[in-house]
Amino acid sequence: MKYAVSVDAQIPSGDPELDALHRVGVVALLERGFESVEAIDGPDGVEVDVLDTFVGVHPGGALMKVFVDAPMLELAEEAVRSLVGELLERSELLAGWTVARCAVELHADLAKESLDAAGGPGAPPDDLASRRARLRGQGGDGPAAEASGDLVDSAGMRDTFRGLADRLRAFGPEAFGGPPESAGAAGAAEVGGRGGAHDRQGPVVSAADARLAAGALVYGTDLLLDELFQDVCALDEDGGSVADCDEPMWLLDELPRRYALRYDARFARRFLVTAIALTTRFTQGTFEQPSCVAEELALRLLLREAEIALDLFGLLDDGVSLALECFADTVYEDMNHEWLYDDSMDGIDESPVGAYLGVAPMGISRWFTPFAADRYVHPYAADDEPDDDLADPDDDLTDPDDLADPDDDLTDPDDLTDPDDRGDRGDDGPPGLR
């Protein structure tokens, strides 16, 4: 069976972050290493074939997708972990790197299909946790073995999520509606938002619920990037768009459907890079405000991933749900991007009503355009075609205002700093449309 194994490799603790030149070098080293391997010798002499690889490098390490053909999920994970570890050790420049995570992410339906197909006297245990435990020599001990076929270990996952919370360095518990930390805590109060979170009179959720929600966002980040990686690969192979791709999508089909024909492989790569840039700022502690519409949509997907993960493990109670709502209040400047999911609001950003409300341009040709000159959009994702707006099938080219000034360059930095051109990001829009 074919598996896509996600690997997160990190630079040594205390080392400076990778600059642009170093990142190019790391990509070259890893890709060259993968190209030299056709198969991996797994446990008990089982051979695991390497089908394809994808390498993405960020300032703190590298995210890799390794596509393999293996008889079972655990063998795929163990073989890829061994391979990546060997590649890191083989290179003097990467010798200090560590593999923080190596795992196969499966849709629940696909996992069940795989398990149902594994029958016979020598079949592995029915649940994935017990299968991993058996392969790694844990026998019948621990929570995995006590699950008795049930994939849910709520207590264990609660501890896991809370343990991840410290990685979300840009936000303290106040951002989730929790009680403030002691002096020196992360400056959540400095994050600009819609005001809802800052209008609270004191904490509205417990410190435990705030921490659980924060950890779920870190956990959801892994899922978000993994699934976007898979969508990129599917569109690369298919050559079409989300609207006509034969492969099932993991996340991109949850973006506004009106633009589904525009979600091709190039768009998918730009959106993935944008999601990486956003979540990097979350975990580095450098986040201030969303930079563009694409970041707002990526954050929407991240919140969904966190909710699904919490719900899967029976942890999405009222307190944690409220903590995530408070977080959204804190981070989003407005909820105008939700109008992209309402066809009745199509074109409001270009209408007199939108101009009156100060709504920023929301057409897909402006998704990667920064809201202001001081907002950061990754160079790979940033708009590089000023006239791309003319190719937008949703633009009304018969609008007299458009025809009267065809040379207007909305990506001009002077325009971006003009509040009249980019809209007031602090305006929530009319009541009831958030």
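Start with the salt bridges: this predicted model holds 12 of them.

Select Arg-101 and Asp-222. They form a salt bridge, with the closest N and O atoms 3.2 Å apart. The pair links distant parts of the chain: Arg-101 sits in strand β5, Asp-222 in helix α7 (residues 207-238), 121 residues apart. Colour by accessibility. Arg-101 counts as buried, at 15% relative accessibility. Asp-222 is partly exposed at 26%.

Together with Arg-101 and Asp-222, they are linked in a network of salt bridges.

Stay on helix α7 and pick Arg-211. Its side chain meets that of Asp-166 in a salt bridge, 3.0 Å from N to O. Asp-166 lies in the loop between α6 (154-164) and α7, 45 residues from Arg-211. Arg-211 is partly exposed at 30%, while Asp-166 is exposed at 51%.

Jump to Glu-305 and Arg-304. Their closest N and O atoms are 3.9 Å apart, in another salt bridge. Glu-305 is buried, with a relative accessible area of 3%; Arg-304 is partly exposed, with 28%.

Go back to Arg-101 and show the strands. Its bridge partner is Asp-8. Strand β1 (residues 2-10) and β5 pair antiparallel over 6 bridges.

Widen the view to the open sheet. Its 5 strands run in the order β2-β3-β4-β1-β5, with antiparallel pairing. β2 (39-41) and β5 (98-104) are the edges; each has a single partner strand, so one side of each lacks a neighbour in the sheet. Neighbouring strands are turned by 35° against each other on average, direction ignored.

Finish with helix α2 (residues 73-90). It packs on the sheet, touching β1, β2, β3 (47-58), β4 (61-69) and β5. Its direction makes about 155° with that of β5.

Key
Residues are numbered from 1 along each chain as its sequence is written. This is a predicted model: local features need pLDDT of at least 70, side-chain atom pairs count only at pLDDT 80 or more; totals for chains, interfaces and linings use all residues. Side-chain values use heavy atoms; hydrogens and water are left out. Two strands pair if DSSP finds at least two bridges between them. Helices (H or I, at least four residues) and strands (E, at least two) are DSSP runs, numbered from the N terminus. Axes are lines fitted to C-alpha atoms, for helices over the stretch in contact, and angles run from 0 to 180 degrees between N-to-C directions. Contact means heavy atoms within 4.5 Å. A salt bridge is a side-chain nitrogen of Lys or Arg within 4 Å of a carboxyl oxygen of Asp or Glu. Buried means under 20% relative accessible area, exposed over 50%, partly exposed in between (1.4 Å probe, protein chains only).
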